[in-house]
Amino acid sequence: MTITAEIKQMVVDTLFQDMKDRGIESQAEYARYIKALLSVPFDKAALSSIKKPEKRNMLKDSTWLKLATHFNLLSDGSWNIAPTHGYITMTTYLNTCKKHGLWKVVCDHASFGKTTAAMDFCNKHKDTAFYIDCSEYTTKGDFITALARQFGLERTGTFNQLWQDVTDELLLLDKPLLVLDEFGDVHDSIITLLKSLYNKANRGDHVALGVLHIGADNLKKRMIDGKRKQKQSYAEYWSRIGDDLLTLNFHNPEKPKQAAKLLESDAEKILELNMPESLAEYKDDILKKVVCMRNLRIIREQINIKADLKNLSN
């Protein structure tokens with residue numbers, strides 16, 4: 001991919017706006033944060049220099065690409081997030097966990113919008129809500145490092161010390177929230193690690209940190225099996241999440257028709273905001289595919305396929 005002058009300018013503008021939004025006054029501090037967060041060669045001198053277009057070649061294209069991707073600057077902006085049932089339900093769960101310091105688990109089939117809602121929420125609350133894709137950080141060390149990067153912290157000693165440092169920073173915030181997506185993929189040691197974090201955040205009359213764990217059927221099975229088999233920390237963890245697992249109600253086995261109707265309604269809302277009028281004739285076909293496959297994620301690819309087919313026929 002070609003990193004154009006326009007992309008570089010957008011990255012520079014976004015970096016300085018992000019620094020302002022986060023209330024960071026020191027360029028050195030913000031440069032350390034970006035370096036730790038994205039693992040890119042970045043320092044105060046680089047941040048200061050790239051203000052001038054003629055000095056932007058000091059950063060490699062790979063660094064510009066990583067920065068642009070992180071800030072979602074490469075999207076064409078043509079896709080809109082719809083206020084679907086799934087989005088509204090997830091946003092409610094996220095808000096409630098954040099506001100009241102609750103620890104909850106959401107388990108539902110893939111492709112119903114859990115991740116989209118979670119990432120959008122964290123983008124809107126970037127100072128106090130932190131999203132981690134646990135499928136990328138499955139071990140204890142990787143998980144600690146991933147969280148530390150969001151605070152611009154790097155490992156200089158043991159992982160235990162880094163964990164203490166990052167959780168100290170986390171609990172200084174006002175109503176912080178951790179969003180742990182694909183939580184079914186993590187090693188059991190992270191369950192024990194988070195149990196200790198709950199204890200650290202427990203103030204007696206309230207918990208000074210909300211956590212929403214997100215996953216699909218594998219997370220549900222893992223939580224249930226862990227408790228049934230009396231695996232280390234699972235019984236205690238269940239007590240912290242309130243002995244229940246939340247869903248989006250898209251696959252209620254007792255009311256399959258109602259669940260299908262709900263899914264179709266969400267698909268219609270997404271299509272309404274994103275499907276061009278010129279493709280209106282394909283709407284029913286796309287809706288049938290979504291309900292049949294129980295997959296909202298295919299809507300975007302179906303729109304692209306129908307557009308290509310229509311162009312071929314013209």
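Visitor: What radius of gyration does the protein chain have, and what would a compact globule with 314 residues have?
Guide: This is a predicted model. A compact globule with 314 residues would have a radius of gyration near 20 Å.

Visitor: What box do the C-alpha atoms of the protein chain fill?
Guide: The box is taken along the principal axes of the protein chain. Along these axes, the C-alpha atoms fill roughly 60 × 55 × 30 Å.

Visitor: How many helices and strands does the protein chain have?
Guide: Both kinds of element are present in the protein chain. The count is 14 helices and four strands.

Visitor: What share of the residues in the protein chain is buried?
Guide: A residue is buried if its relative accessible area is under 20%. Of the 314 residues in the protein chain, the buried ones make up 45%.

Visitor: Which parts does the pair of Trp 103 and Tyr 198 tie together?
Guide: The whole structure holds five aromatic pairs. One of them joins Trp 103 and Tyr 198, with 5.0 Å from centre to centre and 75° between the planes, which is edge-to-face. Trp 103 and Tyr 198 are 95 residues apart in sequence, so their pair ties together strand β1 (residues 103–107) and helix α9 (residues 188–201).

Visitor: Are Trp 103 and Tyr 198 buried or exposed?
Guide: The term buried applies under 20% relative accessible area, and exposed over 50%. Trp 103 and Tyr 198 are each buried.

Visitor: What kind of aromatic pair do Phe 130 and Phe 151 form?
Guide: Planes under 30 degrees apart count as stacked and those over 60 as edge-to-face, while the rest are tilted. For Phe 130 and Phe 151, the centres are 4.8 Å apart and the planes make an angle of 35°, and the pair is tilted.

Visitor: Where do Phe 130 and Phe 151 lie?
Guide: Phe 130 and Phe 151 are both buried. Their pair ties together parts 21 residues apart in sequence, because Phe 130 lies in strand β2 (residues 129–133) and Phe 151 in the loop between α7 (140–149) and α8 (159–170).

Visitor: Which residue forms one aromatic cluster with Trp 103 and Tyr 198?
Guide: The cluster includes Trp 103 and Tyr 198, which also form an edge-to-face pair.

Visitor: Over which ring does the charged end of Arg 155 sit?
Guide: The charged end of Arg 155 is 3.8 Å from the centre of this ring. The ring belongs to Phe 159.

Conventions. Residues are numbered from 1 along each chain as its sequence is written. This is a predicted model: local features need pLDDT of at least 70, side-chain atom pairs count only at pLDDT 80 or more; totals for chains, interfaces and linings use all residues. Side-chain values use heavy atoms; hydrogens and water are left out. Rings of Phe, Tyr and Trp (its six-membered ring) pair if their centres lie within 6.5 Å; planes under 30 degrees apart count as stacked, over 60 as edge-to-face and the rest as tilted. Helices (H or I, at least four residues) and strands (E, at least two) are DSSP runs, numbered from the N terminus. Buried means under 20% relative accessible area, exposed over 50%, partly exposed in between (1.4 Å probe, protein chains only). A charge sits over a ring if NZ of Lys or CZ of Arg is within 6 Å of the ring centre and within 35 degrees of the ring normal. The radius of gyration is taken over C-alpha atoms; the globule rule is 2.2 Å times the number of residues to the power 0.38.
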